[in-house]
Amino acid sequence: MVYFSASLGYFIPGEWKDDGTYTEETWPADAVLCTPEEEAMYWKQSAPSGYQLGSTSEGRPAWVLPPPPTEAEILAAQSAKLQQATQLASAQKTALTNRIGVLTDAVELEMATPEEEAELPIRQAQLLEWKRYAVLLGRVTAQAGWYATVVWPVQPAEGMDLSVSAVAKVVQAS
(Lines give C-alpha, C1' and ligand atoms only; values in the text may rest on other atoms or scores of the structure.)
Protein backbone atom coordinates (compact mmCIF):
# COMPACT_ATOMS: atom_id res chain seq x y z
CA MET A 1 0.00 0.00 0.00
CA VAL A 2 1.40 3.36 -1.12
CA TYR A 3 0.04 6.88 -0.86
CA PHE A 4 0.78 9.86 -3.08
CA SER A 5 0.78 13.49 -2.01
CA ALA A 6 0.51 16.01 -4.82
CA SER A 7 1.47 18.88 -2.50
CA LEU A 8 4.66 17.07 -1.45
CA GLY A 9 5.25 15.62 -4.90
CA TYR A 10 6.20 12.15 -3.69
CA PHE A 11 4.97 8.77 -2.51
CA ILE A 12 4.56 7.68 1.08
CA PRO A 13 4.77 4.00 2.03
CA GLY A 14 1.58 2.94 3.80
CA GLU A 15 3.44 1.66 6.87
CA TRP A 16 4.64 5.20 7.56
CA LYS A 17 1.05 6.16 8.31
CA ASP A 18 0.88 3.58 11.10
CA ASP A 19 4.45 3.35 12.45
CA GLY A 20 4.71 6.88 13.81
CA THR A 21 6.70 8.36 10.93
CA TYR A 22 3.65 10.53 10.32
CA THR A 23 1.10 11.58 12.92
CA GLU A 24 -2.47 12.67 12.35
CA GLU A 25 -1.18 16.26 12.44
CA THR A 26 1.66 15.71 9.96
CA TRP A 27 -0.10 13.36 7.54
CA PRO A 28 -0.60 15.25 4.23
CA ALA A 29 -4.25 16.20 3.82
CA ASP A 30 -4.08 15.53 0.08
CA ALA A 31 -2.54 12.02 0.35
CA VAL A 32 -4.42 9.53 -1.81
CA LEU A 33 -4.14 5.76 -1.77
CA CYS A 34 -2.57 4.64 -5.05
CA THR A 35 -4.17 1.98 -7.18
CA PRO A 36 -2.03 -1.07 -8.01
CA GLU A 37 -1.73 0.32 -11.55
CA GLU A 38 -0.47 3.69 -10.26
CA GLU A 39 2.03 1.94 -7.99
CA ALA A 40 3.38 -0.10 -10.89
CA MET A 41 3.52 2.88 -13.25
CA TYR A 42 4.86 5.64 -11.00
CA TRP A 43 6.27 4.46 -7.66
CA LYS A 44 10.01 3.74 -7.77
CA GLN A 45 9.99 4.33 -11.53
CA SER A 46 12.06 6.75 -13.57
CA ALA A 47 10.09 9.30 -15.51
CA PRO A 48 10.05 8.95 -19.29
CA SER A 49 12.46 11.25 -21.08
CA GLY A 50 11.27 14.85 -20.95
CA TYR A 51 8.76 14.24 -18.15
CA GLN A 52 8.71 14.43 -14.39
CA LEU A 53 6.45 13.17 -11.63
CA GLY A 54 3.49 15.45 -11.07
CA SER A 55 -0.21 15.11 -10.48
CA THR A 56 -3.54 15.32 -12.21
CA SER A 57 -6.13 17.93 -11.24
CA GLU A 58 -7.58 15.23 -8.95
CA GLY A 59 -4.25 14.83 -7.13
CA ARG A 60 -3.40 11.46 -8.70
CA PRO A 61 0.22 10.72 -9.74
CA ALA A 62 1.03 11.39 -13.40
CA TRP A 63 3.98 12.01 -15.70
CA VAL A 64 3.88 15.70 -16.60
CA LEU A 65 6.01 18.07 -18.62
CA PRO A 66 8.35 20.11 -16.43
CA PRO A 67 7.50 23.79 -16.12
CA PRO A 68 9.40 26.12 -18.44
CA PRO A 69 12.56 27.57 -16.90
CA THR A 70 12.23 30.85 -15.06
CA GLU A 71 13.94 34.03 -16.24
CA ALA A 72 16.50 33.58 -13.45
CA GLU A 73 17.22 29.98 -14.51
CA ILE A 74 17.67 31.02 -18.15
CA LEU A 75 20.01 33.84 -17.14
CA ALA A 76 22.01 31.50 -14.88
CA ALA A 77 22.35 28.86 -17.61
CA GLN A 78 23.40 31.37 -20.27
CA SER A 79 25.84 33.06 -17.89
CA ALA A 80 27.39 29.70 -16.99
CA LYS A 81 27.72 28.80 -20.68
CA LEU A 82 29.37 32.16 -21.38
CA GLN A 83 31.76 31.78 -18.45
CA GLN A 84 32.76 28.27 -19.56
CA ALA A 85 33.35 29.40 -23.15
CA THR A 86 35.32 32.44 -21.99
CA GLN A 87 37.53 30.31 -19.72
CA LEU A 88 38.22 27.88 -22.58
CA ALA A 89 39.11 30.74 -24.93
CA SER A 90 41.43 32.22 -22.32
CA ALA A 91 43.12 28.87 -21.70
CA GLN A 92 43.57 28.30 -25.43
CA LYS A 93 45.02 31.78 -25.96
CA THR A 94 47.46 31.28 -23.07
CA ALA A 95 48.54 27.81 -24.24
CA LEU A 96 48.94 28.93 -27.85
CA THR A 97 50.84 32.07 -26.85
CA ASN A 98 53.21 29.97 -24.75
CA ARG A 99 53.72 27.44 -27.54
CA ILE A 100 54.30 30.18 -30.12
CA GLY A 101 56.87 31.73 -27.78
CA VAL A 102 58.81 28.48 -27.58
CA LEU A 103 58.60 27.93 -31.34
CA THR A 104 59.68 31.54 -32.04
CA ASP A 105 62.63 31.14 -29.67
CA ALA A 106 63.65 27.94 -31.44
CA VAL A 107 63.52 29.69 -34.84
CA GLU A 108 65.40 32.79 -33.62
CA LEU A 109 68.09 30.61 -32.03
CA GLU A 110 68.28 28.54 -35.21
CA MET A 111 67.40 25.46 -33.16
CA ALA A 112 64.00 24.73 -34.70
CA THR A 113 63.36 21.33 -36.19
CA PRO A 114 61.51 21.17 -39.52
CA GLU A 115 58.40 20.07 -37.59
CA GLU A 116 58.63 23.12 -35.28
CA GLU A 117 59.09 25.46 -38.25
CA ALA A 118 55.97 23.96 -39.86
CA GLU A 119 54.03 24.16 -36.60
CA LEU A 120 54.67 27.87 -35.97
CA PRO A 121 52.37 29.35 -38.67
CA ILE A 122 49.66 26.84 -37.77
CA ARG A 123 49.73 27.85 -34.11
CA GLN A 124 49.77 31.55 -35.06
CA ALA A 125 46.64 31.07 -37.20
CA GLN A 126 44.97 29.14 -34.37
CA LEU A 127 45.77 31.94 -31.92
CA LEU A 128 44.11 34.49 -34.22
CA GLU A 129 40.98 32.35 -34.39
CA TRP A 130 40.80 32.03 -30.60
CA LYS A 131 41.34 35.78 -30.20
CA ARG A 132 38.47 36.47 -32.62
CA TYR A 133 36.30 34.00 -30.71
CA ALA A 134 37.13 35.67 -27.39
CA VAL A 135 36.23 39.10 -28.79
CA LEU A 136 32.89 37.78 -30.08
CA LEU A 137 32.20 36.15 -26.71
CA GLY A 138 32.78 39.53 -25.09
CA ARG A 139 29.97 40.93 -27.24
CA VAL A 140 27.41 38.24 -26.41
CA THR A 141 25.82 40.12 -23.50
CA ALA A 142 25.42 43.22 -25.70
CA GLN A 143 23.11 41.33 -28.09
CA ALA A 144 19.54 42.59 -28.18
CA GLY A 145 18.30 39.12 -27.20
CA TRP A 146 20.67 38.51 -24.26
CA TYR A 147 19.94 36.19 -22.34
CA ALA A 148 16.71 34.75 -23.71
CA THR A 149 17.93 34.31 -27.29
CA VAL A 150 21.65 34.27 -27.89
CA VAL A 151 23.56 33.86 -31.12
CA TRP A 152 26.73 32.12 -29.96
CA PRO A 153 29.95 32.54 -31.94
CA VAL A 154 31.33 29.37 -33.46
CA GLN A 155 34.13 27.92 -31.35
CA PRO A 156 37.38 27.33 -33.26
CA ALA A 157 37.83 23.68 -34.18
CA GLU A 158 41.58 23.60 -33.56
CA GLY A 159 43.81 24.61 -30.69
CA MET A 160 46.17 23.24 -28.08
CA ASP A 161 45.43 19.96 -26.33
CA LEU A 162 44.50 21.15 -22.85
CA SER A 163 43.70 17.69 -21.54
CA VAL A 164 47.31 16.75 -20.75
CA SER A 165 49.52 18.84 -18.51
CA ALA A 166 53.01 19.90 -19.53
CA VAL A 167 54.39 17.80 -16.65
CA ALA A 168 52.60 14.70 -17.94
CA LYS A 169 53.97 15.35 -21.45
CA VAL A 170 57.55 15.53 -20.11
CA VAL A 171 57.05 12.32 -18.13
CA GLN A 172 55.58 10.57 -21.20
CA ALA A 173 58.55 11.66 -23.32
CA SER A 174 61.06 10.19 -20.85
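This is a predicted model: local features need pLDDT of at least 70, side-chain atom pairs count only at pLDDT 80 or more; totals for chains, interfaces and linings use all residues.

Colleague: Thanks! And where does Lys-44 lie?

Modeller: Lys-44 is in the loop that runs between helix H2 (36-42) and strand S4 (52-55). Its phi is positive, about 60 degrees, although Lys-44 is not a glycine.

Colleague: Which other residue has a positive phi although it is not a glycine?

Modeller: Glu-110 has one, with a phi of about 55 degrees. You'll find Glu-110 in the loop between helix H3 (71-108) and H4. Glu-110 counts as exposed because its relative accessibility is 74%.

Colleague: Staying with glutamates, is Glu-119 buried or exposed?

Modeller: Glu-119 is buried, because its relative accessible area is 16% and the cut-off for buried is under 20%. This residue lies in helix H4.

Colleague: And what does Glu-119 touch?

Modeller: Leaving aside residues up to four places away in sequence, Glu-119 touches Arg-99 and Leu-103.

Colleague: New topic: peptide bonds. What is the omega of the bond from Trp-146 to Tyr-147?

Modeller: Omega is near 15 degrees there, and the bond is cis. In general, most peptide bonds are trans. Tyr-147 sits in the loop between helix H4 (114-138) and helix H5 (166-173).

Colleague: Now the strands. How many bridges pair S1 with strand S2?

Modeller: Four, and S1 pairs with S2 (residues 10-13) in the antiparallel sense. One partner to look at is Pro-13 in S2, which bridges to Val-2. S1 and S2 form a hairpin with four residues between them. In the turn, Gly-9 has a positive phi of about 75 degrees.

Colleague: What about strand S3, how many bridges join it to S1?

Modeller: Two bridges join S1 to S3 (residues 32-33), and these strands run antiparallel. Tyr-3 stands opposite Leu-33 in S3.

Colleague: Last one: which way do the side chains of S1 point?

Modeller: Val-2 and Phe-4 point one way from S1 (residues 2-5), whereas Tyr-3 and Ser-5 point the other way.

Key
Residues are numbered from 1 along each chain as its sequence is written. Side-chain values use heavy atoms; hydrogens and water are left out. Buried means under 20% relative accessible area, exposed over 50%, partly exposed in between (1.4 Å probe, protein chains only). Two strands pair if DSSP finds at least two bridges between them. Contact means heavy atoms within 4.5 Å.
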